[in-house]
Amino acid sequence: MSFWTENTTEPKRNFRWRVSMSNLGGLGVDSAAVWWAKTVDTPSYNVTDVTHSFFDNEFKFPGRVQWQDVSMTLVDPISPNAVQLTNQIILNSGYSIKGAAEFGANPTSITKAGANAAVGSVVIDIFSGTGDVVESWTMYNPFIISVKFSQLDYSNDDMRTIDLTWKYDWAGCEHQNANNGDKSQFQRPGAL
């Protein structure tokens, strides 16, 4: 039976979600929840294929799972200052801003370990209407690959935003079964 004919079943809704980053506390933010997140993609993937030709036939085989980039848009509140937090994440990843005289002394650059430690885990929780987490996505080893600050414009009264693009090694998804409370996982074997 369809969800719209029964009042005991409810679909997941696009406005009931929360993003959290575990290492925001180190940046002076009280909570791991990124309440200033405006939009976010949930992790997605493609399965590549390999083609084998034999005479005039082609046979296709599944290849690798490739996780796609995740886009996130943040509103930039005055406090916490999302521009400052974003820049600090990049600095904590290993990037250093130095003048020409300082550049040769101890140059540093972004490392995967530094980038992962700067953010910690990135989790996207999806809620039911009663406030229960019904789906939870975790991106493993995430790091920011693109930051775009919104354009300033005197004729526009929209809120200032920051567009982030994330890469990650893989994602796990945990589902809460509303009928019996059981949890199921879509998780890489041996994942931490």
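This is a predicted model: local features need pLDDT of at least 70, side-chain atom pairs count only at pLDDT 80 or more; totals for chains, interfaces and linings use all residues.
User: Which residues of helix α3 are buried?
Analyst: To count as buried, a residue needs a relative accessible area under 20%. In α3, residues 112–119, the ones that make it are G114, A115, N116, A118 and V119.

User: What covers those buried residues of α3?
Analyst: The cover includes a helix, α1 (82–92). Strands are part of it too: β1 (17–21), β6 (122–127), β8 (143–149) and β9 (161–167).

User: Is T165 buried or exposed?
Analyst: T165 is found in strand β9, one of the elements covering the buried residues of α3. Leaving out residues up to four places away in sequence, T165 touches D69, V70, S71, F143, I144, I145 and S146. Its relative accessibility is 18%, so T165 counts as buried.

User: How many salt bridges does the structure hold?
Analyst: One of them joins R16 and E10, and another joins K167 and D69. In total, the structure holds seven.

User: How far apart are the closest N and O atoms of R16 and E10?
Analyst: R16 has 18% relative accessibility, so it counts as buried. E10, with a relative accessible area of 48%, is partly exposed. The two form a salt bridge, and their closest N and O atoms are apart by 2.4 Å.

User: How many residues apart in sequence are the parts that R18 and D125 tie together?
Analyst: R18 and D125 form a salt bridge, with the closest N and O atoms 2.7 Å apart. R18 lies in strand β1 and D125 in strand β6, so the parts tied together are 107 residues apart in sequence.

User: Where does D69, the partner of K167, lie?
Analyst: The side chains of K167 and D69 meet in a salt bridge, 2.8 Å from N to O. K167 lies in strand β9, and the pair ties together parts that are 98 residues apart in sequence. K167 counts as partly exposed at 35% relative accessibility, and D69 counts as partly exposed at 32%. As for its place, D69 lies in the loop between β4 (57–67) and β5 (70–75).

Terms used. Residues are numbered from 1 along each chain as its sequence is written. Side-chain values use heavy atoms; hydrogens and water are left out. Buried means under 20% relative accessible area, exposed over 50%, partly exposed in between (1.4 Å probe, protein chains only). Helices (H or I, at least four residues) and strands (E, at least two) are DSSP runs, numbered from the N terminus. Contact means heavy atoms within 4.5 Å. A salt bridge is a side-chain nitrogen of Lys or Arg within 4 Å of a carboxyl oxygen of Asp or Glu.
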